[in-house]
Amino acid sequence: MIGALPPLHPPAYTLTEDLRELSEPASIRRPAPDELAREELLLRKLGPRGWGRVHHFRNYYESGWGEHAGRVLSPMALEAFFRFLASTSFPTGKTAPSVFLTDRGGVELCWENAAGRSVQVEFTREGVEFYDETTGEEGVVGHDASLELSRRLSS
Amino acid sequence: MSQPFPIPIPDRLPIRIAPCPIVEAIFEARFVSPESWATMPGLLFAQIREKYQEQKNLPLALVPEEFRRQDPALQHLPLLQFLSKDFLIQLGPRVVSLVTRPHAYPGWPAIRGELLWVVERVKKAGFIGETERLGVRYVDFFAGDVFPLLRLQLQANERPLLGAPTDVTTVLRHGALAIRMRVSNGAIVATAEGPKSGSVLDVEGSIGPPEVDLFQNGLARFGEAHDTIKGLFFGLIKPELLARLNPVYE
């Protein structure tokens, strides 16, 4: 069936036959070269389930999704999420953090800290909202303060 | 710790070369939109029709939407083109790009002028919610094997691997710019005289959030990416190849 599809896009060039891609086994997925580090980060910090959810949010949720006409994932929110994730340590021996797409196109990350209390952080286009059950603290910071927030919330 | 940029960019760059090896240059903005795909072509066409009167569906437009949505690799591909005498504008559900006509590179000043116009019109069309990524891509073609003429080598057993069909892709960082560079000595391009085989140097510089906003700093970012790719090109080629391109300096 794939062979019957038209060429997807007229390319500026094609490779000679000996350099063309071999068909790849279904078990191999090659991320874009500049995405490799982020794919690795997601797997390391959120596990396969979290990786799959973020992949889904990025690729399959369009504007108007869900019952409340959710917005498409904000690239700015996703960037802030990745930067936060890279600098945050989650407690070992706990369940991997959960990740959600929010109605306003943000990414929400929830986990249990070392004391078993809930921590929630939502990355939006405009900034980062957080709630720490241990201290009862909640608030909003700019994207530029997310590394500092990560230090405060890391256990 | 980040590595220094591995390709030395010359201080002085030519303003013109001939024959020009550029097959095409693409200036692309990826975005997310609150609009459905069905409305986007009309919104854009209303703004650009004075210059881009001809439209052409690309083959991917024939693929059902459900199928396209299932494959992330297809999401940032354009579905239709608007054509003018010197440029194309390509549009897809998450991408809009300005493309030069094949083998007819008009020079950076002309491109910059057109980008200024197109970005303004896209802004008026109002379908871009947020910029996801800006990219600049240059595809150059050379007859024959270009590897011996580049300061880039593939080695096997610590010896240069030359003469074999070779296709190399690497990603370099230059500030906030991610540069994906592909060199192949087994490429076929379409020309007015028919298909020709040889080598391609395919370089794309891209930049993502938070440093990009098409309407706030898009032109500056496109300019920076152009300058970097130009510097990389002249840093990568050896003097023998440069001499063949008859460079003209200011």
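User: How many residues of chain B are in contact with chain A, and how many of chain A with chain B?

Analyst: This is a predicted model, in which local features need pLDDT of at least 70 and side-chain atom pairs count only at pLDDT 80 or more, while totals for chains, interfaces and linings use all residues. Residues are numbered from 1 along each chain as its sequence is written, and chains are lettered from A and ligands numbered from 1 in the order in which they are written. Two residues are in contact if their C-beta atoms, placed from the backbone, lie within 7 Å. By that rule the contact involves 36 residues of chain B and 24 residues of chain A.

User: Which element gives the most residues to the side of chain B that touches chain A?

Analyst: Helices (H or I, at least four residues) and strands (E, at least two) are DSSP runs, numbered from the N terminus. The elements of chain B that give two or more residues to this side are strands S1 (22-32), S6 (130-143), S9 (167-174), S10 (177-191) and S11 (194-207). With seven residues, the top contributor is S10(B).

User: How do the residues on that side of chain B divide into nonpolar, polar and charged?

Analyst: Ala, Val, Leu, Ile, Met, Phe, Trp, Tyr, Cys and Pro count as nonpolar, Asp, Glu, Lys and Arg as charged, and the others, Gly among them, as polar. The division is 22 nonpolar, eight polar and six charged.

User: Which strands are the edges of the open sheet in chain A?

Analyst: The sheet has five strands in the order S2-S3-S4-S5-S6, with antiparallel pairing. An edge strand pairs on one side only, and here the edges are S2 (98-101) and S6 (137-141) of chain A.

User: Within that sheet, which residue stands opposite A:Glu108?

Analyst: Strands S3 (residues 107-112) and S4 (residues 118-123) of chain A pair in the antiparallel sense over six bridges. In S4(A), the residue opposite A:Glu108 is A:Glu122.

User: At about what angle to S5(A) does helix H3 of chain A run?

Analyst: Axes are lines fitted to C-alpha atoms, for helices over the stretch in contact, and angles run from 0 to 180 degrees between N-to-C directions. Helix H3 (residues 146-153) lies across S4, S5 (128-132) and S6 of chain A, and its angle to S5(A) is about 10°.

User: Why does B:Leu44 count as buried?

Analyst: A residue is buried if 20 or more other C-beta atoms lie within 10 Å of its own, exposed if 12 or fewer, and partly exposed in between, with C-beta atoms placed from the backbone. B:Leu44 is in helix H1 (residues 40-48) of chain B. Leaving out residues up to four places away in sequence, B:Leu44 touches B:Leu91, B:Val122 and B:Ala125. B:Leu44 counts as buried because its C-beta neighbours inside 10 Å number 23.

User: What percentage of the residues of chain B count as buried?

Analyst: Chain B comes to five helices and 11 strands. Of its 250 residues, the buried part is 34%.

Methods
Two strands pair if DSSP finds at least two bridges between them.
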